[in-house]
Structures are given as C-alpha cells and as structure tokens.
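The following briefing is meant to be read alongside the sequence and the coordinates.

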Amino acid sequence: MTSQPPEPTPSAVPPGELRASHADRDEVVERLRDAAAEGRLDLDELDERLERALKAKTHAELAVLTADLPGSPPAESLPPLVLKGGMHGASRGPGRWEVPAHIVARGGMGGVKVDFTRVECRLAEIAVEAYGEMAGVTLVLPDSWAVNTDGMDPGIGGLADKTTPDRLPGTPLVRLTGSGGMAGVVVRHPNRWERRKLRNNPAVE
C-alpha cells in the first residue's frame, strides 16, 4: 500500500490579509457614517465607501477606507510593511511612523534599516521577518524594547543581537524570524551618533 503525500501546510497569513467579519465591516460603516455627519465626507464619498466596506473581504481593504479619518485603525489591521533593499537600499524611520504588526525586510544589494526609536506603538508584539541577503538588515530598537530571536536562522552572515533585556512593561516585544543570509542581521539600540541626534532634534517627525 502506497502512502499518501502529506497535506501541504498553509503558510501564515499576513495580518492585513485576514478575512474580515460582519462585525469588522459594521464597525467601519459606523465610522464612515459618523465622518459624514461631521462633514468630513460628502454624500457621494460616503456612498462609495459604504459600498466598498460592505463588499470588503480583508482587513486591509477595510483599513484604506478610514485611513484619512481621525482615529487611526488598529495597528493589527494595517497591511504588512515590506522593505526591499534592492540596488540602492531602503529604510524606515527614525521619524514617527505607524508600525504594523508584521514587517518584512529584505536586504538585497543595498541593505535595509528599520529604526523604531521615535515611534509610538501599543502592540504587544511585532513580527519582523529579516533576510540579510547580500547587504544585510539593521533594526534599531528603543532602550525599553526587547527582541526574541529564537526563530532566527543566522545563515552565513550571522545574527548580532546587541540589545539589553531591560524591556519595560507596556512596550512591544519584537519577535524576529528569517535568515542572516550572506551579510547578516543586526538588532541593536541607538548608537552614540544616533543618541546625539535624538537629543538635538527631539521633535523631528
């Protein structure tokens, strides 16, 4: 008797691609109606967005309908942030930016840097997939944040975790997965130059 091949394991679905429920759609509909009552949307805009909300299948489709309205959608519903180093590199931060629950960083040929030092994030955890590839990935965390690297493959380039374990209550845990690739992945707190810049420009957006 020949054995059957194992069933394929479904890959993890990014938070923004999770299926929306009736309650999720109803919540967005109420926000849109409130915005129209406040004069933020005209009737044509309201009708268009209501139709899209009622037909939305994922959290990402709902999030875009209220992105320009007061009261940002929960970070859990934001689509994943994908950064690709390519030939010239890519970065996010150190200005203020909205942190989603899932980030993918691919070093490519130019490298990627993700700086969380000025963000305000209420997530309990942030899932970061980092792939060092040819030029590497660097993550810069505030002093009060911590990282878990148990799911990380150091690869040839290695993993350099230079953070301290002094996580403060209420701050996110960065759960790091992926591979160091050829150039490696570095996760650290701000260096001396970055700290000086933070002190000298405390209000930089």
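At 1.5 Å a residue, the 16 residues of H1 should span 22 Å, and its end C-alpha atoms are 23 Å apart, which agrees; the expected span is taken as 1.5 Å times one less than the number of residues in the helix. Helices (H or I, at least four residues) and strands (E, at least two) are DSSP runs, numbered from the N terminus. This is a predicted model, in which local features need pLDDT of at least 70 and side-chain atom pairs count only at pLDDT 80 or more, while totals for chains, interfaces and linings use all residues. Residues are numbered from 1 along each chain as its sequence is written, and side-chain values use heavy atoms, with hydrogens and water left out.

**Helix H1**

- The buried residues of H1 are Arg25, Val28, Val29, Leu32, Ala35 and Ala36, where buried means under 20% relative accessible area, exposed over 50% and partly exposed in between (1.4 Å probe, protein chains only).
- Seen down the axis of H1, these buried residues fall within an arc of 125°, so they line one face of the helix; the arc is that of the directions from the helix axis to the C-beta atoms.
- An α-helix has 3.6 residues a turn, so residues three or four places apart point the same way.
- The face of H1 turned away from its buried side carries the exposed residues Ala23 and Ala37, whereas the buried residues of H1 pack against H2 and H3.
- Glycine 39, which follows H1, has a positive phi, near 85°.

**Helix H2**

- For helix H2 (residues 43-55), the 13 residues should span 18 Å at 1.5 Å a residue, and the end C-alpha atoms are 18 Å apart, in agreement with that value.
- Leu46, Arg49, Leu50 and Ala53 are buried in H2, and, seen down the helix axis, the buried residues of H2 fall within an arc of 105°, so they line one face.
- Asp44 and Lys55 are exposed residues on the face of H2 turned away from its buried side, while the cover over the buried residues of H2 includes helix H1 (22-37) and helix H3 (59-66).

**Aromatic rings**

- Rings of Phe, Tyr and Trp (its six-membered ring) pair if their centres lie within 6.5 Å, and planes under 30 degrees apart count as stacked, over 60 as edge-to-face and the rest as tilted; by this rule the count comes to two aromatic pairs.
- One of these is the tilted pair of tryptophan 97 and phenylalanine 116, with 5.4 Å centre to centre and 35° between the planes.
- This pair links distant parts of the chain, 19 residues apart, with tryptophan 97 in the loop between strand S2 (90-92) and strand S3 (102-106) and phenylalanine 116 in the loop between strand S4 (112-115) and strand S5 (125-131).
- Tryptophan 97 counts as buried at 10% relative accessibility, and phenylalanine 116 counts as buried at 0%.
- The rings of phenylalanine 116 and tryptophan 145 have their centres 5.4 Å apart and their planes at 45°, so this pair is tilted.
- Because phenylalanine 116 lies in the loop between S4 and S5 and tryptophan 145 in the loop between strand S6 (137-140) and strand S7 (146-153), the pair ties together parts that are 29 residues apart in sequence.
- Tryptophan 145 is buried, with a relative accessible area of 4%, and ring pairs link Trp97, Phe116 and Trp145 into a cluster.

**Nonpolar cores**

- A nonpolar core is a set of buried Ala, Val, Leu, Ile, Met, Phe, Trp, Tyr and Cys residues joined through side-chain atoms within 4.5 Å.
- The largest such core has 26 residues, of which Trp97, Val99, Ile103, Phe116, Ile126, Trp145 and Leu176 touch the most other members.
- The elements that give two or more residues to this core are strand S1 (81-84), S3, S4, S5, S6, S7, strand S9 (173-179) and strand S10 (185-188), and S5 contributes the largest share, three residues.
- A second, separate core of 14 residues includes Ala20, Val28, Leu50 and Ala56.

**Serine 179 and the whole chain**

- Serine 179 is placed in strand S9, and serine 179 and leucine 159, 20 residues apart in sequence, are 8.4 Å apart in space, C-alpha to C-alpha.
- The protein has four helices and 10 strands, and 40% of its 205 residues count as buried.

Definitions and conventions. Contact means heavy atoms within 4.5 Å.
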